[in-house]
Amino acid sequence: MRGGTVQINWHDTKPVLACDFHPISALLATAGADYDIKLWATVSSIDQKKVPGVTYQSNLSYHSSAVNALRFSPSGEQLASGADGGELIIWKLHITDAGEVWKVHKSLVFHRKDVLDLQWSADGAYLLSGSVDNSCIIWDANKGSVYQILDAHFHYVQGVAWDPLGKYAASFSSDRTCRIYNNKPSKAKGIEKSNYVCQHVISKAESPVADDSKSARSHLFLDETLPSFFRRLAWSPDGSFLLVPAGSHKSTPTSEPVNTAYVFSRKDLSRPALMLPGASKPVVAVRFCPVKFKLLGTYTSSLFKLPYRLIFAVATLNSLYVYDTESIQPIVVVAGVHYAAITDIAWSPAGNYLVLSSQDGYCTLLEFENEELGSPISLPEKKQVTSDENKTPVVEAKVEDSTSASVDRIKEKDENSLKEKDDSDGKQASISTATPQTKAPKRRITPMAID
């Protein structure tokens, strides 16, 4: 693996607020506070033994304010971008004699305030947006019209995610709740229409106390004082689980809270199944590699029970952890690469590039060599979920007594072994990797089952 902070003028020294890879061509799109969207081609460093880089391709100028979110459609034919003031644009790719050109296709008008996050449905027919106006909107991307409004949050909606199997949608707000919506189609005049109904409002969890007859409820998520406008959550590419950032876990009512990301199993989305403690700063974004990998078979203590390996990135305000679902420790740790908060993460479609953007105006690009992450396997065709959820591979949490696995001890251990770098000359990356071994290496950050 090679990588580091790319020293170019990404967005006129203004904060880079979002990034995404084209699902076919691997073109990198970035959005910034300079009101523009820029497209870049990645430059490999494997042969030259240098740090990977990018070359400028084109500029998409239309927005009149800072662009906070952008996502390519699954087909790659469209690009959605959301900005301050409620601006929401769908761009469409046109093939001309001069090459590929992106043009404004539709302007979606309804949000009254800043759009903070976007997500396409798996078929590309709908778009889900979250806004500072406390609402989520499902848009009909073909018509450019509002399909359904989800307005139950009491504060900014800072993250949205759509189940790749089409059954669920999720929204995450600074009101300290994550809402899970279930698609319960309704029929009108013989025509069946999607209708998303809130099924779970995830906010608090029971914390054990000394007296077994009592319990206390504590918040699962950080409040609006989190120094980031983004809480970017994500579904796994197979839909088996949902990963949610901005977590705050207390093992007992009197213990100090630990920053974490929570894992929710598709079998039970009402409560977290696992937690990833250890980060000294709040988690602001998570993103899955779109590729499935063959099992290594070298670890026996994984809490994720899947017939393949999934890889995902977890970004705190100032560091990045890359996990796989077979081992119990992060396989990559990157710290101290940016002066300001990380804002977004993106994986290339082949999983060989990982980029993270920052408010300091720079992006860090990591490149993985051929099969460095593992041997890819082909993804089965996505199917709409009908009734039998138990057939979907899911996270199986091992039940543990929370008193026997002290989060406080894990936090102390991890802070000693993963002290995050913040030097004044901080553009040099501090990167460590863990390679597969015949026996499990020393734990650094340990996923814990939540009993």
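Which residue forms a salt bridge with Asp163, and how far apart are the closest N and O atoms? In this predicted model, the partner is Arg266, and the closest N and O atoms of the pair are 2.8 Å apart. The pair links distant parts of the chain, since Arg266 sits in the loop between strand 24 (258-265) and strand 25 (274-279), while Asp163 sits in the loop between strand 14 (157-162) and strand 15, 103 residues apart. Arg266 has a relative accessible area of 3% and therefore counts as buried, and Asp163, at 1% relative accessibility, counts as buried as well.

The chain around this pair is built from one helix and 36 strands. Of its 451 residues, 55% are buried, and the accessible surface comes to about 19100 Å², with 48% of that area belonging to carbon and sulfur atoms. When contacts between residues at least 6 apart in sequence are considered, 58% of them join residues at least 24 apart.

Side chains of opposite charge can pair when their charged atoms come close. The structure holds eight salt bridges, one of which joins Arg232 and Asp344, with the closest N and O atoms 3.4 Å apart. This pair, too, links distant parts of the chain: Arg232 belongs to the loop between strand 21 (215-219) and strand 22 (234-235), whereas Asp344 belongs to strand 31, 112 residues apart. Arg232 counts as buried because its relative accessibility is 2%, and Asp344 counts as buried because its relative accessibility is 1%. Arg232 and Asp344 are also linked with Arg71 and Asp117 in a network of salt bridges. Elsewhere, the side chains of Lys38 and Asp34 meet in a salt bridge with an N to O distance of 3.2 Å, and both Lys38 and Asp34 are buried.

Ser171 is placed in strand 15 (residues 168-173), and its relative accessibility of 0% is why Ser171 counts as buried, the limit being under 20%. The side chain of Ser171 makes a polar contact of 2.7 Å with the side chain of His153, and another polar contact, of 3.0 Å, joins the side chains of Ser171 and Tyr181. Leaving aside residues up to four places away in sequence, Ser171 touches residues including Cys136, Val157, Gly159, Val160, Thr177, Cys178 and Arg179, as well as His153 and Tyr181.

Val146 is found in strand 13 (residues 145-150).

Methods. Residues numbered from 1 in each chain as written. Predicted model: local features only at pLDDT ≥ 70, side-chain atom pairs only at ≥ 80, totals over all residues. Heavy atoms only, no water. Helix = DSSP H or I, 4+ residues; strand = E, 2+ residues; numbered from the N terminus. Buried < 20%, exposed > 50% of the residue type's maximum accessible area, 1.4 Å probe, protein only. Contact = heavy atoms within 4.5 Å. Areas by Shrake-Rupley, 256 points an atom, 1.4 Å probe, with all protein chains shown as cover. Polar contact = N/O pair within 3.5 Å; in protein donor to acceptor, adjacent residues only side chain to side chain. Salt bridge = Lys/Arg side-chain N within 4 Å of Asp/Glu carboxyl O.
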